[in-house]
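Please look over the model below before reading on. My notes follow as numbered points.

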Amino acid sequence: MTDAAGLRADLELAIHAARAAGKEVMRFFRRDAEVRYKGPEQPVTDADLAADRVLHRVLLDERPEYGWLSEETADSPGRLERRRVWVVDPIDGTNSFIRGIAEFALSVGLVEGDRVVLGVVYNPASGEMYHAIAGGGAFRDGTPIRVSPHGSLDDRRLVLASRSEIRRGEFDPFHQGWTVHPLGSTAYKMVKVADRTGDVFLSRGSKSEWDVCGADVIVSEAGGRVTDARGEALRYNQPRPLVRGVIASNGILHKRVIARVAEIASPVGGSGE
């Protein structure tokens, strides 16, 4: 099997796994569920854990030689020695899920070395399935997608942001000349940049690799750009899997957003949603 054929087979597997886990998640959606907290602003539900089990079983049963990094699984340094690693968030946007808001997603990324080569982001509540392979374009429900063409002189420059970060006033510097729209889930906001619903997603707070990995390649393959808050490309399967802020844009506006972030106070903590 050629490498390209192998990646296509990995993509089919990742889509299958996301659909299977999404079906499990929807059993819990908008039903009373016990919410526990792993840390401040870090809720976890039975749905998160059930989806993690499904993804782990489906993905690793078929690819036992791949590594594994997931929000809901204890990390193992053994992943650092693997050529390819699944980077998974069983439910990105758990706060939205808990509130019954259909703005959450299951995210699956496949990393080779330190770069993401495949991504799947699935919102089981809306039925939207996004996917991409590096070099193969980006798709929503099987249809090719492209980022918006809006530039610095356009009237419509839409920033997708977390509700918590908006409440904290972190987007006040963007109100003049920009429209800031709240939306749940980091991965979901990023793919909404890929399908030109929004022009930019920005979070100055720290993110984990699993928050952004699957969506990163989808935005890039849709013609956009993804970096940290300083404009550096993201690297994955790191010993400490954290990203210091993230910007996903249509590419045209990227430098402008980096410059605006540099004018604002130092990045703040918090996962945001």
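1. Val 226 faces Ala 248 of strand E14. E13 and E14 (residues 242-249) run antiparallel and are joined by three bridges. Strands here are DSSP runs (E, at least two residues), helices likewise (H or I, at least four), numbered from the N terminus. Two strands count as paired if DSSP finds at least two bridges between them.

2. The model is predicted: local features need pLDDT of at least 70, side-chain atom pairs count only at pLDDT 80 or more, and totals for chains, interfaces and linings use all residues. Residues are numbered from 1 along each chain as its sequence is written, and side-chain values use heavy atoms, without hydrogens and water.

3. The sheet is open and mixed, with five strands in the order E11-E10-E12-E14-E13. Twist averages 20° from one strand to the next. Axes are lines fitted to C-alpha atoms, for helices over the stretch in contact; angles run from 0 to 180 degrees between N-to-C directions.

4. Helix H5 (residues 186-194) packs on this sheet and touches E10 (158-161), E12 (200-208), E13 and E14. Its direction makes about 150° with that of E12. Contact means heavy atoms within 4.5 Å.

5. Helix H6 (residues 209-221) lies across E12, E13 and E14. H6 runs at about 150° to E12.

6. Overall, the protein chain has seven helices and 14 strands. The C-alpha trace spans about 50 × 45 × 35 Å along its principal axes. Of the 273 residues, 56% are buried (under 20% relative accessible area, 1.4 Å probe, protein chains only).

Key: Buried < 20%, exposed > 50% of the residue type's maximum accessible area, 1.4 Å probe, protein only.
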